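Here is a short report on one protein model. Keep the sequence and the 3D view at hand while reading.

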Amino acid sequence: MKLSTFVKSTFITTALLASSLTFAANIEVNANSNDIAISGYDTVSYFTKGTPTKGSNDYTAAYNGAIYQFASASNRDLFKADPSKYAPQYGGFCAMGVALNKKLDTDPTAWHIRGDKLYLNYNKSVQKKWNTDIPGYIETAQVNWVDIKGLTEEQIEIVYD
């Protein structure tokens, strides 16, 4: 094993242990200060209506440390029955960002469904770049997510910048 790989692995392990002891909120999910995921958009609507729809405080469900809002009780119930099916990939962080070892916020209107999975992007400009090689970026993001999902943005910067 290379020394740099060993150092990164040691840092990541230490950071994961420390973060599990010091953070109350789940840092694997992109949520606002009120723990609302994807800016309050109904994650089920991407699949059922084919368009992002704003959710409501009247219909909510908690999953993975975040609160998801829904436009209807039926969408909430679909989510509760199989949250991993409807929750955005990479905890709702920008899929392109994860491919670049970053945890970036997203614009819920910059989205794509591939293989029955929801991917969000930082904005529509980033989405255009994402669209140039979706399979390649997904493959890279899948590998990167394993390493960065339990890290804060500051910890990621130390390891990858």
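Is D116 buried or exposed? D116 is exposed, at a relative accessible area of 60%. Exposed means over 50%, buried under 20%, and partly exposed in between (1.4 Å probe, protein chains only).

## Basis of the model

This is a predicted model: local features need pLDDT of at least 70, side-chain atom pairs count only at pLDDT 80 or more, and totals for chains, interfaces and linings use all residues. Residues are numbered from 1 along each chain as its sequence is written, and side-chain values use heavy atoms, with hydrogens and water left out.

## Overall layout

The protein chain has eight helices and four strands. Helices (H or I, at least four residues) and strands (E, at least two) are DSSP runs, numbered from the N terminus. Their order along the sequence is α-α-β-β-α-α-α-β-β-α-α-α.

Of the 161 residues in the protein chain, 41% are buried. The accessible surface is about 8700 Å², and carbon and sulfur atoms account for 52% of it. Areas come from the Shrake-Rupley method with a 1.4 Å probe; for residues, only the protein chains shown count as cover. Take contacts (heavy atoms within 4.5 Å) between residues at least 6 apart in sequence: 58% of them join residues at least 24 apart.

## Two positive phi angles

Most residues other than glycine have a negative phi. D116 has a positive phi near 60°. D116 sits in the loop between strand 3 (107–114) and strand 4. N64 also has a positive phi, about 55°, and is not a glycine. The loop between strand 1 (56–63) and strand 2 (66–70) holds N64. N64 is partly exposed, at 37% relative accessibility.

## A buried tyrosine

Y119 belongs to strand 4 (residues 117–121). Y119 is buried, with a relative accessible area of 5%. Leaving out residues up to four places away in sequence, its contacts include Y90, W111, H112 and W130. G92 is 27 residues from Y119 along the chain, yet their C-alpha atoms are 7.5 Å apart.

## Charges

The whole structure has one salt bridge. A salt bridge is a side-chain nitrogen of Lys or Arg within 4 Å of a carboxyl oxygen of Asp or Glu. R76 pairs with D77, with the closest N and O atoms 3.1 Å apart. D77 is partly exposed, at 40% relative accessibility.

D105, E153, E154 and E157 form a negative surface patch. Patch residues have over 30% relative accessible area and no salt bridge; like charges are joined within 9 Å, nonpolar side chains (Val, Leu, Ile, Met, Phe, Trp, Tyr) within 5 Å. E154 lies in helix 8 (residues 153–160) and is exposed, at 54%.

Terms used
Lys and Arg count as positive and Asp and Glu as negative; His and the chain ends are not counted. The place of a charge is taken as NZ of Lys, CZ of Arg, CG of Asp or CD of Glu.
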